[in-house]
Amino acid sequence: MALEICVKAAAGAPDLLGDCPFCQRVLLTLEEKKVPYQMHLIDTANKPQWFLEVNPEGKVPVVKFDGKWVPDSDVITQTLETKYPEPSLVTPSEYSSVGSKLFGSFVTFLKSKDASDGSEQALITELSALEEHLKAHGPYANGEKISAVDLGLAPKLYHLEVALGHFKSWSVPENLTHVKNYMKLLFSRESFLKTQPADKKYLIAGWAPKVNP
């Protein structure tokens with residue numbers, strides 16, 4: 001039986017898949033594990049009544065497990081790993097925090113109005129740490145096989161690439177070759193192509209109010 005999942009719809013296009021990296025992380029996990037699912041697109045600006053009744057907090061993603069709606073991408077992906085152990089996406093605990101500060105650094109730099117505030121350097125430091133890890137252990141965070149940490153990072157790196165490219169004409173430095181290859185690897189996977197935002201313009205629109213408050 002297909003699992004039901006609620007994810008963010010594209011802003012202004014409620015019948016298209018939106019730009020939430022946490023929703024995409026769950027969809028990637030479902031795709032990589034070949035778990036059949038039924039997707040409900042939720043217009044987060046105009047949430048349907050039934051959705052708020054089953055999920056009063058109104059947050060996405062939520063997945064229905066055994067008749068109960070479960071929120072939080074961390075909890076959902078762990079539950080999927082338990083219920084559908086094959087193929088395993090478990091990341092060894094020593095690698096589970098690889099890239100964990102990247103998204104925060106990206107958001108800080110994206111919102112920054114001051115070129116000398118160190119936010120760009122902080123992001124480059126995080127990307128360089130990822131570079132060193134991939135150089136030693138790549139091509140994925142845990143070697144040859146994709147795992148949960150990659151599925152969490154893939155949507156965040158995509159947001160980083162698209163949003164910084166658009167708003168700051170910035171891209172990952174050329175010398176971070178392992179990071180660049182890693183992004184190519186992730187973004188070309190069938191699971192990623194099936195679950196990425198319907199169009200880059202929706203991702204850009206999603207960040208615009210945060211960049212120009």
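Q: Axes are lines fitted to C-alpha atoms, for helices over the stretch in contact, and angles run from 0 to 180 degrees between N-to-C directions. With that settled, at roughly what angle do the axes of α4 and α9 cross?
A: They cross at roughly 65° and come within 9 Å. Keep in mind that this is a predicted model, where local features need pLDDT of at least 70 and side-chain atom pairs count only at pLDDT 80 or more, while totals for chains, interfaces and linings use all residues. Residues are numbered from 1 along each chain as its sequence is written, and side-chain values use heavy atoms, with hydrogens and water left out.

Q: What do the helix labels stand for?
A: Helices (H or I, at least four residues) and strands (E, at least two) are DSSP runs, numbered from the N terminus.

Q: Is the crossing of α4 and α9 left-handed or right-handed?
A: It is right-handed. A crossing gets that name if the near helix is turned clockwise from the far one by less than a right angle, and is left-handed if the turn is anticlockwise.

Q: Which residues in α4 and α9 meet?
A: From α4 there are Phe 103, Phe 106, Val 107, Leu 110 and Lys 111, and from α9 there are Trp 207, Lys 210 and Val 211. Contact means heavy atoms within 4.5 Å. By class, the residues of this contact are 6 nonpolar, no polar and 2 charged. Nonpolar covers Ala, Val, Leu, Ile, Met, Phe, Trp, Tyr, Cys and Pro, charged covers Asp, Glu, Lys and Arg, and the others, Gly among them, are polar.

Q: How many residues of α4 are buried?
A: Helix α4 (residues 102-111) has 7 of its 10 residues buried. Buried means under 20% relative accessible area, exposed means over 50%, and partly exposed is in between (1.4 Å probe, protein chains only). The buried ones are Leu 102, Phe 103, Ser 105, Phe 106, Val 107, Phe 109 and Leu 110.

Q: What covers them?
A: The cover includes α1 (21-32), α5, α6 (148-168) and α9 (200-211).

Q: Take Leu 102. Why is it classed as buried?
A: Leu 102 counts as buried because its relative accessible area is 3%. Leaving aside neighbours within four places in sequence, Leu 102 is in contact with Leu 123, Glu 126, Leu 127, Leu 130, Leu 153, Leu 157 and Leu 160.

Q: New topic: α1 and α6. At about what angle do they pack?
A: They pack at about 135°, with axes 8 Å apart, and are therefore oblique to each other. For the words: under 35 degrees is roughly parallel, over 145 roughly antiparallel, 65 to 115 roughly perpendicular and the rest oblique. The crossing of α1 and α6 is right-handed.

Q: What about α5 and α7?
A: Helix α5 and helix α7 (residues 177-187) pack at about 80°, their axes 8 Å apart. That makes α5 roughly perpendicular to α7. In this contact Leu 127, Leu 130, Glu 131, Leu 134 and Lys 135 of α5 meet Thr 177, His 178, Val 179 and Tyr 182 of α7. The classes here are 5 nonpolar, 2 polar and 2 charged.

Q: How many salt bridges are there in the whole structure?
A: A search finds 10 salt bridges. Each is a side-chain nitrogen of Lys or Arg within 4 Å of a carboxyl oxygen of Asp or Glu.

Q: Which residue does Lys 64 meet in a salt bridge?
A: Lys 64 meets Glu 4, at 3.8 Å from N to O. The pair links distant parts of the chain, with Lys 64 in strand β4 (residues 62-65) and Glu 4 in strand β1 (residues 3-10), 60 residues apart. Lys 64 is partly exposed at 29% relative accessible area, and Glu 4 is partly exposed at 22%.

Q: And Asp 66, which residue is its partner?
A: Asp 66 forms a salt bridge with Lys 83, with the closest N and O atoms 2.9 Å apart. Asp 66 is in the loop between β4 and β5 (68-71), and Lys 83 is in helix α3 (residues 73-83), 17 residues apart. Asp 66 counts as exposed at 70% relative accessibility, whereas Lys 83 is partly exposed at 37%.

Q: Which helix holds both Lys 135 and Glu 132?
A: Both lie in helix α5 (residues 119-137), 3 residues apart, about one turn of the helix.
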